[in-house]
Amino acid sequence: MHWMNDVEFKRKYRCSRVVLDKIVQKIETNDVFKRGTRGPAQMSVKHQLMLLLHFLGKEGESNSSQRNQFNVRYGASKKCRDRVVQSLIGIRNEYIKWPTENERKKIAQQVERDFLLPNCIVLMDGTLLPLGIAPSCCDAVDYSGRKFPYSLTVCVINDDKRKIRAYLSGFPGFTHDNRVWRNMIQNQKAQDFFSPLQYVLCDTAFEPSDIAIAAYKCQAGFVQDRDEQMFNTCMSSPRVITEHTMGLWKGRFPWLRNIRMLNTDETESLERILKYTDATVVLHNILIDFGGEDEVDGPWDIDDEVLSDLDDATRIPERNILEFPVPVGSLPGTRREQLKDLVWEKFNKQYNFQPRQNDSSCNSEDSE
């Protein structure tokens, strides 16, 4: 592809030549690329990777179109793509991983500097991956959502650098975002992923809890409370990062916008879709990681001796309330209420927020 300039190469293969070589170095030692005792020799790992990137970089790409484009056998392109996908899944734990305690501390500090929200370590949102071919499985009707004829529901958790730290896919398109979140291990075993006080920011589709701080819903026809309006306004800026993450992920790999793979009653059919989706997340994070990472600071702890002060919250400044765990037995959304009070104290002072007065501002949006 020496005749292509850098812009053309990146448009076709979704990355630069230099980055392409770096990805090859990461996956070329995988056993899947070793030649067997029978059959023709494989193409080079680089060419096989280019086949996958070209496939993921277009909507509706097929074996026949790649055969004409790359002058390969009809079934060879699929085998090459599957090998590269398998090799990328082999390194997924290196690139799709939850931030360490030190990383979480640094992310929280950066988010507070940028958006005035303390202890926020990740952001979360749900999205849909449209299926370009109608499923032929027995539960095909469940894949029909409100936005697309057929789709998969995905819940994505990303950090402030737009790196996807965790995600869960495979649920039919009718599934609510909050249901997917309830099935994620980050929610079921929160103590293993969130230090005390830390939380994830999300939209109104999610149920508020001590670790999930959701925007306030507004009932159509009613003027939303001033404090809730300000809290939602304050949350809107960091939540844009999540929208950028989704746009970057789907924009780099348009295959995600029209998945032309048939989902049948055979388990392998859905597994293949999920494996290709997993490969796109690995590639997304690899390309972000090549931008470089800063060193993080040391760990931090909480003094258990002062927890009894929570019994009288009026004696503690709003910022300090967020430095203690939510008392046992508190109502769901207690942490969000505490954070809302802090936002009123800091956000209003800095930006002189003016609440909306008409009821047309209340448009409840439960999911993307």
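**View 1. N5 caps the N-terminal end of α1.** A side-chain oxygen of N5 lies 3.1 Å from the backbone nitrogen of V7. Everything here comes from a predicted model, where local features need pLDDT of at least 70, side-chain atom pairs count only at pLDDT 80 or more, and totals for chains, interfaces and linings use all residues. Residues are numbered from 1 along each chain as its sequence is written, and side-chain values use heavy atoms, with hydrogens and water left out. Helices (H or I, at least four residues) and strands (E, at least two) are DSSP runs, numbered from the N terminus.

**View 2. Which residues of α1 are buried?** They are F9, K12 and Y13. These three cover an arc of only 80° around the axis, which puts them on the same side of α1; the arc is that of the directions from the helix axis to the C-beta atoms. On the other side of α1, V7, K10 and R11 are exposed. Buried means under 20% relative accessible area, exposed over 50%, and partly exposed in between (1.4 Å probe, protein chains only). The buried residues of α1 pack against α2, α3 and α4, with contact meaning heavy atoms within 4.5 Å.

**View 3. F9 and Y13 pair up in α1.** A search of the whole structure turns up six aromatic pairs. In the one formed by F9 and Y13, the ring centres are 5.0 Å apart and the planes sit at 45°, so the pair is tilted. Rings of Phe, Tyr and Trp (its six-membered ring) pair if their centres lie within 6.5 Å; planes under 30 degrees apart count as stacked, over 60 as edge-to-face and the rest as tilted. F9 and Y13 are four residues apart in helix α1, so about one helical turn separates them. An α-helix has 3.6 residues a turn, so residues three or four places apart point the same way.

**View 4. Y216 and F231 form an edge-to-face pair.** Their centres are 5.4 Å apart, with 80° between the planes. Y216 is in the loop between β5 (212–214) and α10, while F231 is in helix α10, 15 residues apart. Both Y216 and F231 are buried.

**View 5. Two charged side chains sit over rings.** K22 lies over the face of F290, at 5.2 Å from the ring centre, and R81 lies over the face of F55, at 4.0 Å from the ring centre. To count, NZ of Lys or CZ of Arg must be within 6 Å of the ring centre and within 35 degrees of the ring normal. F55 also belongs to an aromatic cluster with W255 and Y276.

**View 6. W249 sits in the largest nonpolar core.** Such a core is a set of buried Ala, Val, Leu, Ile, Met, Phe, Trp, Tyr and Cys residues joined through side-chain atoms within 4.5 Å. This one has 55 residues, and W249 is among those that touch the most other members, as are W255 and Y276. The largest share of the core, nine residues, comes from α11. Not counting residues up to four places away in sequence, W249 touches residues including L129, V154, I164 and H284.

**View 7. E59 is in the loop between α3 and α4 (63–70).** Buried or partly exposed? E59 is partly exposed, with a relative accessible area of 42%. The side chain of E59 makes a polar contact with the side chain of R257 (3.1 Å). A polar contact is a pair of N or O atoms within 3.5 Å; within protein, one must be able to donate a hydrogen and the other to accept it, and residues adjacent in sequence count only if both atoms are side-chain atoms.
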